Amino acid sequence: MNKLIKNKFGLTLIEVVVALGVVTTGVISGLTLTTFNLTTAMSSATRLVAANLAREGIEVIRQKRDSNWLANAPWNQGIVEANKYRLTVYFNEASNQWTTVSQVVDIANCSDCQIYLNPATGVYSHNNIGTLPISYKRMIGLKEICWQAAVSAEVILAAGQKCADVNQPLVGYEVESLVTWTENSRAHSLSVVDRLYDWR
């Protein structure tokens with residue numbers, strides 16, 4: 001009879017505390033995992049945009065080279081001005097063409113490198129008309145690739161150096177498309193590098 005009476009008292013205080021601890025741990029773990037997943041997803045989306053902007057910079061230079069070939073023009077015409085090796089690229093919707101603009105400062109001090117977002121179309125560009133500034137900046141750097149006939153090998157010069165200065169023919173460019181951005185008060189950068197040659 002005493003055994004039946006004891007079982008009617010229900011949970012003790014210790015059992016309630018243990019049960020609440022288990023439930024609280026489960027809820028906190030779930031919230032932490034959800035927060036981590038959301039942060040990772042946002043960071044991945046931001047990095048994907050940066051990667052696409054960097055790839056676009058490389059493709060613009062490649063497109064200009066290929067267009068020059070098709071037009072029987074010098075292969076590097078319109079890519080870079082004399083003695084300049086840093087540039088930004090702009091798309092002109094009226095003429096349906098990309099143009100390059102040489103820059104004299106690095107990306108940190110380059111106001112022309114700012115990327116803007118057109119909220120109506122979702123298009124990213126350097127055009128600040130009817131668009132919103134975002135944290136991305138993009139600059140394209142060029143290094144000349146010379147051909148050393150004496151050793152049958154190519155050499156990549158430092159930024160700003162010219163093949164003509166070392167009496168060697170220019171055969172290509174090493175193109176670096178650099179994108180920087182800020183996320184959660186931290187600076188990030190992503191770079192895509194490719195080599196484009198005067199070889200069809």
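Visitor: What should I know about the model before starting?

Guide: This is a predicted model in which local features need pLDDT of at least 70 and side-chain atom pairs count only at pLDDT 80 or more, while totals for chains, interfaces and linings use all residues. Residues are numbered from 1 along each chain as its sequence is written, and side-chain values use heavy atoms, with hydrogens and water left out.

Visitor: How many residues has the largest nonpolar core?

Guide: The largest nonpolar core has 13 residues. Those with the most contacts inside it are Ile61, Leu87, Val89, Ile140, Leu142, Tyr173 and Val175. A nonpolar core is a set of buried Ala, Val, Leu, Ile, Met, Phe, Trp, Tyr and Cys residues joined through side-chain atoms within 4.5 Å. Buried means under 20% relative accessible area, exposed over 50%, and partly exposed in between, with a 1.4 Å probe and protein chains only.

Visitor: Which elements supply at least two residues of this core?

Guide: They are helix 2 (13-70), strand 1 (86-92), strand 5 (132-148) and strand 7 (170-183). Helix 2 gives the largest share of this core, 4 residues. Helices (H or I, at least four residues) and strands (E, at least two) are DSSP runs, numbered from the N terminus.

Visitor: And what does Leu142 touch?

Guide: Not counting residues up to four places away in sequence, Leu142 touches Ile79, Val80, Tyr85, Leu87, Ala159, Tyr173, Glu174 and Val175. Contact means heavy atoms within 4.5 Å.

Visitor: Is Thr180 buried or exposed?

Guide: Thr180, which is found in strand 7, counts as buried because its relative accessibility is 18%. Leaving aside neighbours within four places in sequence, Thr180 is in contact with Ile107, Ser135, Tyr136, Lys137, His188 and Ser189.

Visitor: Changing topic: in what sense do strand 1 and strand 2 pair?

Guide: Strand 1 and strand 2 (residues 97-103) pair in the antiparallel sense over 7 bridges; two strands pair if DSSP finds at least two bridges between them. Val89 stands opposite Thr100 in strand 2. The two strands form a hairpin with 4 residues between them, and Asn96 in the turn has a positive phi of about 60°.

Visitor: Now the pockets. How much space lies in the largest pocket?

Guide: The largest pocket holds about 310 Å³ of space. On a 1 Å grid over the protein atoms alone, a pocket is an open set of points with protein on both sides within 12 Å along at least five of seven lines, and a cavity is a set where a 1.4 Å probe fits but cannot get out; lining residues have an atom within 4 Å of a point. Grid points are joined across faces, edges and corners, and a volume is the space filled by probe spheres set on the points.

Visitor: Which residues lie nearest its centre?

Guide: Of the 16 residues lining the largest pocket, Glu93, Val123, Tyr124, Ser125 and Asn127 lie nearest its centre.

Visitor: What about the second largest pocket?

Guide: The second largest pocket has about 230 Å³ of space. It is lined by 14 residues, and the closest to its centre are Arg86, Ile140, Gly141, Leu142 and Glu176. Strand 5 gives the most to this lining, with 5 residues.

Visitor: Which residues line the largest cavity?

Guide: Val80, Lys84, Tyr85, Leu142, Glu144, Gln161, Lys162 and Tyr173 line the largest cavity, whose volume is about 50 Å³.
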